[in-house]
Every structure is written in structure tokens, then in C-alpha cells.
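Student: Before we discuss this model, could you show me the sequence and the coordinates, and then let me question the labels attached to individual residues?

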Amino acid sequence: MKNSREIMEILEAYDLTGSYRAAAELAGCDHHTVARYVKMRAAGQHPEQRRHRARAIDDYLPKIEELVVRSQGRIRADVVHKRIVAMGFTGGERTTRRTVAEAKDQFRAGRRRVYRPWVTEPGLWSQYDFGNGPTIGSRKTTLFCAWLAWSRFRVVIPIWDKTLPTVTACLDATFRRIGGIPAYVLTDNEKTVTTDHVAGIAVRNPEIVEVARHYGTTVRTCLPADPETKGGSESTVKIAKADLVPKDVNLREHYKTFAELEAACRVFCEEVNSRTHKATRRKPVERLAEEQQRLHPLPRRPFTAAFGTTRRVNWESTISVEGVRYSVPHELIDTRVWARFHGDELIVTAVDEYGSAHEVARHRRGTPGSPVLQDTHYPPRENKEADRTPKATSAEEAAFLQLGPGAASWLVEAAAAGVRRIKAKMAEAVALSKLYSIAEVDRALGTAAVTARFADKDLLSILDYQAAHGQAEPVRRSEQHSLQPGTSAWSTFGTARTAPDTIGYNESDLA
């Protein structure tokens, strides 16, 4: 089969010479080839069109086309080959595969889905969908992915479940991030949105209708099992999962806590919304500023009816639900929160000062008499044993503590050991600071505290020792040193000795 350039050269050679053989010599081909292309041109046929040759499989083409149509173009070529072999076809499977591929192409050509470009309007459409998030502590998370159609502004929020209260909180957070409410919200046919289909018509969940009425928007759903009707949110889910879920392609580390995932989602949204979009050639955050002028205003309070029952946080930073106390972050003391049960878990939701609702606590279901607490809900506890700094309450105590940290250590250790006459010994230390330097007395007090020497003359003894030997700290022997004086006294242990009563006697006398 000649390509278009070679065919053009053959025809030009024939037009120049007017002879098949002469043109064949110039073009470097057979004169029959020149004649064939010249006759095809004269008959109005395309020179590149190949002449159909009769094949053994042509007798089975009606059956192949029938199988392709019945299967809606999904039947495999090997299945078709088995069917026509049973009918008497003797050709190879390669021929069948090529013929089935041609039949499928012809089938799709007449049923190809043609799209009319969607011209978006500012403030009209938003979409949301869910994607599988990373696993945190052997528990799977979900990514709530929202997309504003005109500005291409994206919002990704990690969640633990897809219940209606959680979806409501995510919608409220999304609306407050974009600074308004669009006219329509498009999503999939989740049970939180669509309860049933009757004659192809989606039956809305009454609760989501109440949520939409509160925010002044309309919830619409795509066609069932047809992701192409909401491709914007599908693309947002794909991009979010590729960047946020730890995989080999992005080399992202696994998340240790849910807070780390929330921070990563915020960083991701800032990056994609500050990056120039391929279709609009502008940053989504810039187009959002223009679209906000066409969005509906936000209600002052979120839709809280779906969050459960209200509870007041007491001074212990707990709420009581069905006779069980559950902890919440201590920053919410004396505020109102909403609590609801989802399976075996209690979910607590709060509304911040900006009117945005978010989950603040999640506990396993408890039993009366056994409070369910989380240490992270409380500020760090003070270590009272470590914080034992003495504080002077009189002039005498102040004079002693001014000697230095050694004096404070001595007072703490002496008090713990129950030493008698502590105040008299403190006054003695202050008096010795006038004979010795303050640094020497403070060093001696520190040594006495370490070695637990609190007797009456111990401080003076330590001062004299340090003055004579210049020792600032007590000498501590290593583990290799022993107080045993030695083992030379045991060198003769077990050796034979001469009986004292036999000295000076002969053997005959003994006999």
C-alpha cells in the first residue's frame, strides 16, 4: 500500500509522460501500479482507498454484526470466534479479531455520545462528591470534594462518615469558604439526597430539602450510574485523591492523626486555587472574587437541626448524654454544642464565632457511671512534683534563698527528709555566708542536699573540706570501685597446717 506522497509522485509522473511504463520508471514502481491509480482517479475514487477483496469471513459478517449489536459493543472477539467456528468458519482468530474491531467501530460511530459545550454562569452551579481518603489508625476516611463551576474554586474537607449531619456541616463550611450560596447544588444519588427513583424521577430526601431551603439553594442529582453528568466534581475527587492519599506516585507519608489530614487538605486547597487553571487561564481565587457578587448571601446561623440535640458544656469540659459524661475541648466550656449518635459513636458538633459548624469530638458509646474522656480535650496537667520552687514569706527566708539555687535545693530536700530545726540551720547558713563567700556557702548547701547531710555540723564540715581540697561537688565512685580492702587475708585459706600439739615431739614419743 502506497502512502499519499508516493501516490502523488506516481500521478505527477504519469501527467508528465502520459505513459504507464515511463511513469513507472520515474516513480520506481510497476507499470500496473501506475495504471491502477490512474484509473481510480479517473473513476473519482480516493487513491488511498484499498480495494475490497473477498474474504472467507465475509459470509459470517451478518452474524458478527448481530452479536455486536445485541451486546451493545461489549462482546469479546474470542467469544465471537467460537460462535462462528461452530457455524463452519475455518479462518484464524486474528481475522476474527480484526473483523470484530471493525464492526464495533461502526456500531459506536452511529451511537457516539455528542456533548454540547456547557457554558457556565457565575453564581449558578456548584457540585460535590465523595472520594476514598487515607486510612488513619486502621480506620478509613472520606474526602468531601466540592467544586464551583464558573470559577473552578475547589474545597476538600476530610470526614469520618457520609451521614446527613456530616454532609450538612460540609455544605455549610463550603458555602462559608466561597463566601456565598450558588443557585444549584449538583451531586450524586446518595441516600442522604435521593431516597428512591419512580419512573426515572429522583425522590428527594425530605431532610436535605429542609437543608436546601434553609440556605436558599436547590439540590439536583445527576443521572444514576452516569458520572459524565457531573464531571467537574469527579475531576476534583480524582485530583484530591492523587495528591492527598499516600501512594507510590506521590511518596506522601501516612497520616498519624486526623488533624494532620485536615491541615494537608487546607494546604491542597490553597495550592490548587492559587494556581492558574488550564481552561480559564486565570487563578480560581481571582475568579471567585468576581463570582461572589452573584452568590446568594449566607444565613447567620448554620442549619443545626440535623446535628442532634443541644447540650451545655459544664466547667469540667463535659456534656451529659443519656446519663453518660463525654468530654469536649476545654475551649468550649460554657458554650452550647450539638450531640448525636451514629451507630456506636457519639458525634459532637459546635458552631464557631464565624457561624461555621464543624465536628469537635467523637466518642465510643459509654455506659452510665463510666465517663468517656480524651486527654487531648484538656490542657497539659501541671507537674506539681517537679515545680517545687520555694517562695520566701519572711525576711529570714528571703535572706536564705538569696544565697542561690543550692540553698533552694537544700530546703526542698531537708523538708522532704523531715529535718528538725530547719529555720535555725537556715540562719546558721546565712551567718556562715558572712565568714565564707556566698558562692561557697551555696555550693556547700547544694552538696549537703545531694548527699543528704542535714546534721548540725555538716554544713561547716563541708565548707572546711571544700576550702582544704577545693572540691566543688561530692566525689562519686564509679561502679568499678569497691570498698573491700583486699583479699590477701584469705590467701592461706584451705591450705594444710601443722597441728600445734605435735610440735617438739618425735614419732616414737607419739607411738
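Tutor: What follows is a set of questions about labels, each answered by setting a value against its definition.

Tutor: This is a predicted model, in which local features need pLDDT of at least 70 and side-chain atom pairs count only at pLDDT 80 or more, while totals for chains, interfaces and linings use all residues. Residues are numbered from 1 along each chain as its sequence is written, and side-chain values use heavy atoms, with hydrogens and water left out.

Student: What makes the contact between R97 and E93 a salt bridge?

Tutor: A salt bridge is defined as a side-chain nitrogen of Lys or Arg within 4 Å of a carboxyl oxygen of Asp or Glu. For R97 and E93 the N to O distance is 2.8 Å, so the pair meets that definition. As background, side chains of opposite charge can pair when their charged atoms come close.

Student: Why are R97 and E93 separated by about one helical turn?

Tutor: The two residues are four apart in helix α6, and that spacing is why they are separated by about one helical turn. Helices (DSSP runs of H or I, at least four residues) and strands (runs of E, at least two) are numbered from the N terminus. Helix α6 covers residues 93-111.

Student: Are R97 and E93 buried or exposed, or in between?

Tutor: Buried means under 20% relative accessible area and exposed means over 50%, with partly exposed in between, using a 1.4 Å probe and protein chains only. R97 has a relative accessible area of 45% and E93 has one of 33%, so each is called partly exposed.

Student: Which salt bridges does R362 form?

Tutor: R362 forms one with D161, where the closest N and O atoms are 2.9 Å apart. Because R362 lies in strand β13 (residues 357-364) and D161 in the loop between β3 (153-159) and α7 (164-178), this pair ties together parts that are 201 residues apart in sequence. R362 also forms a salt bridge with E345, the closest N and O atoms being 2.8 Å apart. Here E345 lies in strand β12 and R362 in strand β13, so the pair ties together parts that are 17 residues apart in sequence. R139, D161, E345, E359 and R362 are linked in a network of salt bridges, and a search of the whole structure finds 22 salt bridges.

Student: Why are R362 and E345 called buried?

Tutor: R362 is called buried because its relative accessible area is 12%, and E345 because its own is 19%. D161 is buried as well, as is R362.

Student: How do you know that K104 has no salt bridge?

Tutor: K104, which is found in helix α6, is buried, and the nearest side chain of opposite charge, D78, is 8.2 Å away. Lys and Arg count as positive and Asp and Glu as negative, whereas His and the chain ends are not counted. A polar atom of the K104 side chain does, however, lie 2.5 Å from the backbone oxygen of I75.

Student: What makes the phi of S317 and of A452 worth a remark?

Tutor: Most residues other than glycine have a negative phi. S317 is not a glycine, yet has a positive phi of about 60°, and phi of A452 is near 60°, again a positive value in a residue other than glycine.

Conventions:
Polar contact = N/O pair within 3.5 Å; in protein donor to acceptor, adjacent residues only side chain to side chain.
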